[in-house]
Amino acid sequence: MKKLISIFTLLICMVAISAFAQKRAFTIADLYKIKGVESLSISPDGNRIAFAERSYDLPKGKTFTNVYVMNTEGTNKVAITTNGKANEPFWSSDNKNLYFVSSESGTPQVYRYSFADAKTEKLTDFSMGIGGPVLSPDNQLIAFTADVYPECGADSRANAIADSLATNGPTQAYLADHLLFRHWTSYSEGKCSHIIIYNIAKQTYTDLTPGNFVSPIFMLGGGIGFNFSPDSKELCFVSNHTDHPEANTNADMFLIPVTGGQAVNITKENTAWDGSPIYSPDGKYIAYRKQLVPGHESDRFRLALYNRQTGTSEIITDAFDNWVTDFKWSADSKSIYFAGDVTGNQPIYKIDIASKKITPVSGDKATFAFDLDNKGNIYYTASSTGKPVALYRQNLAKGKTTQITFLNEELENAVDIRPSDTLWVAGADGRKLEVFIVKPHNFDPNKKYPLILNVHGGPQSQWMNSFRGDWQVYPGAGYVVAYPNPHGSTGYGQEYTTSISGDWGGKPFIDLMKVTDALANLSYVDSTRMGAMGWSYGGYMMNWFQAQTKRFKCLASMMGLFDLESMWGTTEEVWFPNFDLKGQPWNSNLYKKWSPSEYVKNFATPTLIITGQLDFRVSYNQSLQYFTTLQTLNIPSRLIILKNDGHWPNTVKSMPLYYDAHLDWFHKYLGGDPAPYDVDKLVKNQVFNTK
């Protein structure tokens, strides 16, 4: 019997191997054939779902997004837009209209599609463009953000004149009297993000947050910065009204009438971060995310309730020792559904408001956007390492899950999209850490392959069992790819996350060396051909590898930190190094202790360096210093500066070069397949014929 089972198992494995062998290897070009689903929104009656579909044109370096509507079981899909410039759909409460954002006119504006006559009309025409629109429950008002000149407020024409003079006049300069005069990739240039109320019937604009404060605050990756009360009379928004917003994380929630007036701070007792407000449908509470450690941007994001009658707040997810990333109220206001980082996934949970009991909903999945209908179903986008993002419907009572979009089915059937395996390794202090491993195309367990170790940035974040170009492009070229979650990663308890602060080159480095040991001992890994790559803090770790180990034949450092003292003086969010390096360069020895620049005498490993000229988080000067050092030491090195990019390169304009340059570098030192494009010609735009 055992023999028969073994033969049967062998046959299954042979069929699986044969199926993979029939598919071709994944390439850079394949990455830009994949379509994405985002911004999903369920109609109030629960019958239809609106979403945006994202696609790419690699040769032209263009991204397209269009809005679609279909029945919630996945049938009768209809395109609402076809110009490739629309996103962020949201419904009117009576189900009659669908609103969305489109840049068809040149700047992002709100449009309205009527289901009665299938016609679309442009609603807003604000000269500075609009962002993150929210419709009031009574369908009368639209709140949105815009970068305005404070002295112009909601006057669209005055803003247009001021902006034209500043942009086109003979004097071109930046003026600053305080820090945070630039953020992420742009200078403030005398402008400030405000919340504008647009009255649909009157066609008027009102500046709800006048003055020199940024409202709502910037949130990496987006998020909820303001919301209407259920009666449409009040708005709750998030802002930092301290004197030095560049040096603290004290964002607060404010209440203000939709007609304007004095904003009231309802979270002033907490000097850490408060944000992401959502009113309960019955109007009793405002649910929001809350941190407790001032200055620590990576403190645990808890879910809290503000009682609008008593003015008191209460944390309700103390039992959940990981970050709450997104949440939505149930229709009856008795529970909240939330997503959180947990062991390489982002599952969805339900918490009962009365008992605070937390119940798993989605299981171990890497979910992203989600929404609920009024019929007992939840909808979410999800992916895994070996499967691109798709939209799923899950019955909350029965747990049955059904995939309802199949945008990438043809590609999935033709291309070998590799899944990941999981390896647990004993790291620093004996604590086990999770490592995801992707084996190469046409994997043969009897062969040995070169290895690429990819270290995540943040540093407080996590690699997930989710689809990502790195996990497919390199295995498609013949590499084993490993991505670990060392100390500092989210999803493994807040103590594990916070442990990296003050210890950048300590426990995380020990973790990664132990991971490297374990990987080198795998039968299919060629330990003589190992390379490593990383971005942001991952780039820092590559530079720290350069300073501390010679285990890798080559390194690739993207947007990495090289000299920590000068990094402090050139980053814009000063609170981050202040907390993670325990002070400033003149009062904390950690800036020298953990700085790769202090160990130049140890440098020897060939390194590819990629940076963005508009990177204000980790100034591109860090990469210039590093490249100059390597070149002076005659260590093989290559520098690529992306002229128009910041800390995150443009997905379709710059990321193809990112992948190709890595493949070229790894081919040279590790011996995988050659890069598909000539790097020099790619930089000069001579690869693709776009005529």
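D429 is exposed, with a relative accessible area of 70%, in a structure that is a predicted model rather than an experimental one. Because exposed is the word used for residues over 50% relative accessible area, the value of 70% places D429 in that class. In sequence D429 and I510 are 81 residues apart, yet in space the separation between them, taken from C-alpha to C-alpha, is 9.2 Å.

W648 lies in the loop between strand 40 and helix 13, and with a relative accessible area of 45% W648 is partly exposed. The class follows because partly exposed covers what lies between buried, under 20%, and exposed, over 50%. Together with F218 and L220, W648 makes a nonpolar surface patch of about 330 Å².

Two or more lining residues come from each of strand 40 (637-642), helix 13 (655-670) and helix 14 (679-683), and among the contributors strand 40 gives the most, with 3 residues. Sorted by class, the lining of the second largest pocket holds 12 nonpolar residues, beside 6 polar and 4 charged ones.

Rolling a probe the size of a water molecule over the atoms shows where empty space is left. When the whole structure is searched for cavities of 30 Å³ or more, 1 is found, and the volume of the largest cavity is about 50 Å³. Its lining is made by K387, P388, V389 and A390, together with Q403, T405, F406, L407, N408 and E412. Strand 30, which spans residues 387-395, supplies the largest share of that lining, namely 4 residues. By class, the residues around the largest cavity divide into 5 nonpolar, 3 polar and 2 charged.

Technical notes: Residues are numbered from 1 along each chain as its sequence is written. This is a predicted model: local features need pLDDT of at least 70, side-chain atom pairs count only at pLDDT 80 or more; totals for chains, interfaces and linings use all residues. Side-chain values use heavy atoms; hydrogens and water are left out. Ala, Val, Leu, Ile, Met, Phe, Trp, Tyr, Cys and Pro count as nonpolar, Asp, Glu, Lys and Arg as charged, and the others, Gly among them, as polar. Patches are made of residues with over 30% relative accessible area and no salt bridge: like charges are joined within 9 Å, nonpolar side chains (Val, Leu, Ile, Met, Phe, Trp, Tyr) within 5 Å. Accessible areas come from the Shrake-Rupley method with a 1.4 Å probe; for residues, only the protein chains shown count as cover. A salt bridge is a side-chain nitrogen of Lys or Arg within 4 Å of a carboxyl oxygen of Asp or Glu. Buried means under 20% relative accessible area, exposed over 50%, partly exposed in between (1.4 Å probe, protein chains only). On a 1 Å grid over the protein atoms alone, a cavity is a set of points where a 1.4 Å probe fits but cannot get out, and a pocket is an open set with protein on both sides within 12 Å along at least five of seven lines; lining residues have an atom within 4 Å of a point. Grid points are joined across faces, edges and corners, and a volume is the space filled by probe spheres set on the points.
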